[in-house]
Amino acid sequence: MRPVRLTLQAFGPYANKEVIDFRNAVEAGLFGIYGQTGSGKSTIFNGMTFALFGEASKSEQDRTSLRSDHAAADLTTEVEFVFDVGERRFVVVRQPDQMRPKQRGEGETSSAHEAHLFEATGLSLDEITSEKRGKIIAEKKVGVVKSAVEDILGYGAEQFRQIVLLPQGRFEKFLSAKTSERVAILRDLFDVSLYQALMADLKEKAAEAEQQVREERAVCAGRLKAEGFESTDTLLEGIETAEIAVQERSVVEADIKQQALAAETAFRSAEAVEAKFFSSEQAQAKLTVLTGREAEFAAIANRMKQAMRARLIVDLEEQLLAARQDVKDAETKLAEATEAQSQARQKVNDTTEVLTREEARAPEVEAARKRNDDLERFAGVIEAASASAEAVEAALNAQRIAHAAFEKSKEQQQKLRKKQDDQATMLKNARNTESKRGELTRAHTHLLTQKKAAEDFAKAEAGVRSAKAVFEKESAVSAEALKQEADARASYVAAEQALAAAQALHLATKLENDAPCPVCGSTDHPSPATGDIENAGRDQAFREARARLEKAERAAREVSEKLAGQKATFEARKETFSSLEQPTDTLAAIVEKVRQTEADLGALGPVVNLQEAEAALDALGNQIADLETETERLRAEAETCSNAATEARAARDGKLEAVPEALRTQSALASAREETSRMMNALFEAKAKAEAQMKAARDAALSADAALKGAEESVSACRGRLEKADATFRTRLSEQELTDELFQSLKPAIATIDSDSESVRAFEAQLNEAQGAAKAAASAIDDLMRPDLLVLNEAHEAAAAALSKSTEERIAASNRVDQLEKLRKSLEEAMRKLDEAEVESGPLRKIAALANGDNPLNLKLETYAIGAMFDRVLEAANLRLGPMTSSRYQLERDTDGGRGSRGLGIQVFDVHTGKSRGTDTLSGGETFIAAFALALGLADVVESASGKVRLDTIFIDEGFGSLDTENGSGTLEQVLNVMNSLVKQSRVVGLISHVPLVQEAIPNGFYVRKCRTGSAIEVRGSMG
């Protein structure tokens, strides 16, 4: 990478825009950057590092601190870096996180970090401007831009700081670093990912193979343990015991099966006898129920006979009811006819009065005829004066138009003046509002900061309380788990002792004189164990006690681990809480203040553009002035039209003196003639209508008289028929020996005569059938004894349950044998395969262990590869160190380093003494030279090891003040000679120094001048 141009704006100590053109410096090969301490020399490299990677040259520096304190508030902090990589040219532009003034209103707003990367290959430096930077590669997203830059350069920010930018003290630290730190640095610089991946892959595969065998063996042991066996030998013993149990269960099952068959036969016979007794009881109960209903059905039969007599006179009742309805209807019609006759006679009287009134209006008709003649005469006069009337109408119309235009203009002028007053008031209020808005905004920002601090404090306090409660709860759980573990351990020891005692007694009973003991092999048994062998269940108790102990131990471990985690959480939260400052006010109070401030801001309404409002007010004043001129013109025009209309009206009125003034227009005259004609027609029509209404009323009265007479005759006839029907109905009631009340009560029974007759017959048939059935059932149990069915059923169920249980036990025992046999075969096959897998994975596990440091030197494969690269670094470093130390010193590897990182230590071989010694024995200047040589050697090896990395330029920051000089030469001269040799190898070197001799030896470069308002960069030496 070669720098071409760096532009810094409002960056660090540079308050304005500073442009550094590196072309002449790069061409010179060796140049310097000089200036006073603190002037901003290192900030140039800070800008390069930030432009490329979005980070400062010091990794611990925050991006927000990059902005210049001297810069104007409206000047954006920005860095542009143009650089070449091989034949390609690139431009990167970045703006860090920063605060800037709001575009509207007062206060500041934050801008996020932004970055843009362009390819400018083919463009000259002069062609690259802010509007033209080439083809965009990545933009906006800083992570994407950083990744693209790292891909182009072949290294990241940390590597850039180590092999391109050599800051003061950085490589002295590397020279004296611990082996583990040096390994971490070299791992970042050299791509040893292949060895890391190989180590990880071997380790993972070996672990997988070992884990698989271990898990499978644990599965096999778990399967045995789940069945209650400690080993395959106890499994074989269990199979033999299970087979014996099957034989015993089969014999018991056959015996119980015979007993169950006999009990079932006795129960079924008893069920048949019980059924006969039950049938007899059912038949007798049915007969009893039917006998109790005989009186009910006798009453139904009697009611049915009376209803049959009543049915004979139902039709006569219907005729009587019809006659009564006819009389009622005839009387209603008679009343209606009487009312109609009265109304018709009244109508005749009313129409006679109306006709008399209309005949009395004859003088009104004559007056209307005379009025009509006068109007016809007036029409002739108006026709003669029509020309003058048109002139008057035209003049009046012109007057109205001119006056309306004047009034409209005057009204518009008044509205604009009111609008001007309103806008002036609004502008004044807006100025006050925006002033208040600025104050509230600043207060709101301060309150939000307080609110965030209070929320963090409250959250941390709640977190401490919660963690404390959980920790105390877990402490109690842990104590309980430890107690349960102790109880389980005591139970386990007791069960183990009991089982051991039982096993000793069992062995003692089998000892024989002169026969060897199965435990110790001795043939002499001087004191065998004695006692009763009561070991039933002791083996099972031992296994259960051991399982409980293991479970309790696991639970105690889990609780202890969980308690440790909770304690760490509690301590961390307490530490966080103690670091926070307690708010001066409560969170609720702060929130209320924020809410009130936001409400006050909201109440102020939207932001008003004061400049636009003032411009609008000025424009409105100009519009009002223009409108005043137009209004005055319209006023004069309206007065002229008014005079013309007066003259035309006077000429017309002289011709129309004979015509009433109200009738001097064609429209008024036409309206009067129309009104007169309408009045005459109304009088004629009213008289004709009255005559027609009187004639119709007299005809209606004659019709009403005739209808009344017919209604009276109809009522008389209906009453005669009613008397005859009533006499006939009463006679028939007497013949059937019925009263009117009894007849009415029997009417509902008439409808159910047929159903009642059928229900009576059905009841008699059921009664006869029940009597026969009860007699037959009683005869069937005469010679039988009723059995105790409950006792027999209990015996039958008990025998069946015993048989079912015996069968289940026999099947379970048989299944147990099958299950254990399958388990034995399955375990034998699984163990055989596991043995084979363990043998096959042996070489893989051995190689993985060797590669991951399990060897006599504890040396990992990755560290070995790094050591090989480190040899090349030291060789390249010595090529620089020799000329700078007059061939006195050589860097070499310390072969007595730590076991895990053997060979990565550094020591110095001194030709003068012929011995090697530690780098910490070098003087300050010697340390600088050694570190500088090591940095150059590392850069050479990194570039040669990676075909992608190009280290065309190296920057060295300070350190020259520690070098010795002898009459202007000495060690410093030797270092500068080495730098000149780098330039001859087409590598550019830039120096930062405040040493006068360095500035004299290397005049080319730049000078940073420091002043009170910020620093500025000047071109220095022959480059200027």
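Which residues are linked in a network of salt bridges? Arg5, Glu80 and Arg133 are. A salt bridge here is a side-chain nitrogen of Lys or Arg within 4 Å of a carboxyl oxygen of Asp or Glu. The model is predicted: local features need pLDDT of at least 70, side-chain atom pairs count only at pLDDT 80 or more, and totals for chains, interfaces and linings use all residues. Residues are numbered from 1 along each chain as its sequence is written, and side-chain values use heavy atoms, leaving out hydrogens and water.

The whole structure holds 40 salt bridges.

Now take arginine 67. It is buried yet has no salt bridge. The nearest side chain of opposite charge, aspartate 74, is 6.8 Å away (Lys and Arg count as positive, Asp and Glu as negative; His and chain ends are not counted). The side chain of arginine 67 does reach the backbone oxygen of alanine 72, at 3.0 Å.

Turn to the nonpolar interior. A nonpolar core is a set of buried Ala, Val, Leu, Ile, Met, Phe, Trp, Tyr and Cys residues joined through side-chain atoms within 4.5 Å. The largest has 87 residues, and Ile44 and Leu52 have the most contacts inside it. A second, separate core has 16 residues, including Ala323 and Leu738.

Conventions. Buried means under 20% relative accessible area, exposed over 50%, partly exposed in between (1.4 Å probe, protein chains only). A polar contact is a pair of N or O atoms within 3.5 Å; within protein, one must be able to donate a hydrogen and the other to accept it, and residues adjacent in sequence count only if both atoms are side-chain atoms.
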